[in-house]
Amino acid sequence: LLKQYRACLSPAEIRKADRYLKQSDRHLSLVSRALVRYLIAGAILQDPKSIPFSANEHGKPFLVESPDIHFNLSHSHGAAVCALCRGAAVGVDVEDMGRRSDLSIANRFFSSAEAELVSKASGDEKRKLFFDIWTLKEAYIKAVGKGLTIPLNSFSFNANESEKQITFRDTGQTDSMWQFFQWLPEPGKIVAAEIGRASCRERV
């Protein structure tokens, strides 16, 4: 299978995978890129090896010949997830909640309301709340496709609510054009995905 996956990747994707020092990281890069190609190939009925990709000015990849198919990839510590959607912008993030992390960075990168929520929590709840917010933020900026040109503290999530909403600091308003999802695919891992109409990529 690994030989098959490697054969379907572009030279640039192979070089990127081979640059990782750890074998486990090379493996994850290889299979996650193959995952993207095979999922898209199934949606557009095309050979996974022949799918042409390009990227916008912020590095977000898109399909040259099928711009209505939106996708996003994330991988972390042995887990990979791909979001695929027709006609709507999409972003996804997966994180390992057990990895060594400095939770105090919430004070720097989160909104004041989010940072306060994290600071008031303790133990396992503090760590879970941090990664709840972190994955939602990562998924959002990946869906918008402008990367870290969007400051992470310029928008906020109501992390303790069952129905997730985003609020923007400049307006104080929520944006109903986005839908947010979170789940635990396996113990210790958390995934956030965000989807909205394609036009909402221009929101910020």
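A salt bridge here is a side-chain nitrogen of Lys or Arg within 4 Å of a carboxyl oxygen of Asp or Glu. By this rule, 9 salt bridges are counted in the structure, which is a predicted model.

**First stop: Arg-6 and Asp-18**

Select Arg-6 and Asp-18 and display their side chains. The two residues form a salt bridge, with 2.8 Å between the closest N and O atoms. Arg-6 belongs to helix H1 (residues 2-8) and Asp-18 to helix H2 (residues 11-18), so the pair ties together parts that are 12 residues apart in sequence. Side chains of opposite charge can pair when their charged atoms come close.

**Second stop: H2 against H3**

The axes of H2 and H3 come within 8 Å and cross at roughly 150°. Angles over 145 degrees count as roughly antiparallel, and H2 and H3 are therefore roughly antiparallel to each other. To see the contact, select Glu-13, Ala-17 and Asp-18 on H2, then Arg-26, Ser-29, Leu-30, Arg-33 and Arg-37 on H3. Coloured by class, the residues of this contact divide into 5 charged, 2 nonpolar and 1 polar.

**Last stop: H5 against H6**

Finish with helix H5 (residues 112-120) and helix H6 (residues 123-144), whose axes lie 8 Å apart and pack at an angle of about 155°. H5 and H6 are therefore roughly antiparallel to each other, and their crossing is left-handed. On the H5 side, select Glu-114, Leu-117, Val-118 and Ser-119; on the H6 side, select Lys-126, Leu-129, Phe-130, Ile-133 and Lys-137. By class, this contact of H5 with H6 has 5 nonpolar, 3 charged and 1 polar residues.

Note on methods: Residues numbered from 1 in each chain as written. Predicted model: local features only at pLDDT ≥ 70, side-chain atom pairs only at ≥ 80, totals over all residues. Heavy atoms only, no water. Axes fitted to C-alpha atoms, helices over the stretch in contact; angles between N-to-C directions. Helix = DSSP H or I, 4+ residues; strand = E, 2+ residues; numbered from the N terminus. Parallel < 35°, antiparallel > 145°, perpendicular 65-115°, else oblique. Left-handed = near helix turned anticlockwise from the far one by under 90°. Contact = heavy atoms within 4.5 Å. Nonpolar A, V, L, I, M, F, W, Y, C, P; charged D, E, K, R; others polar.
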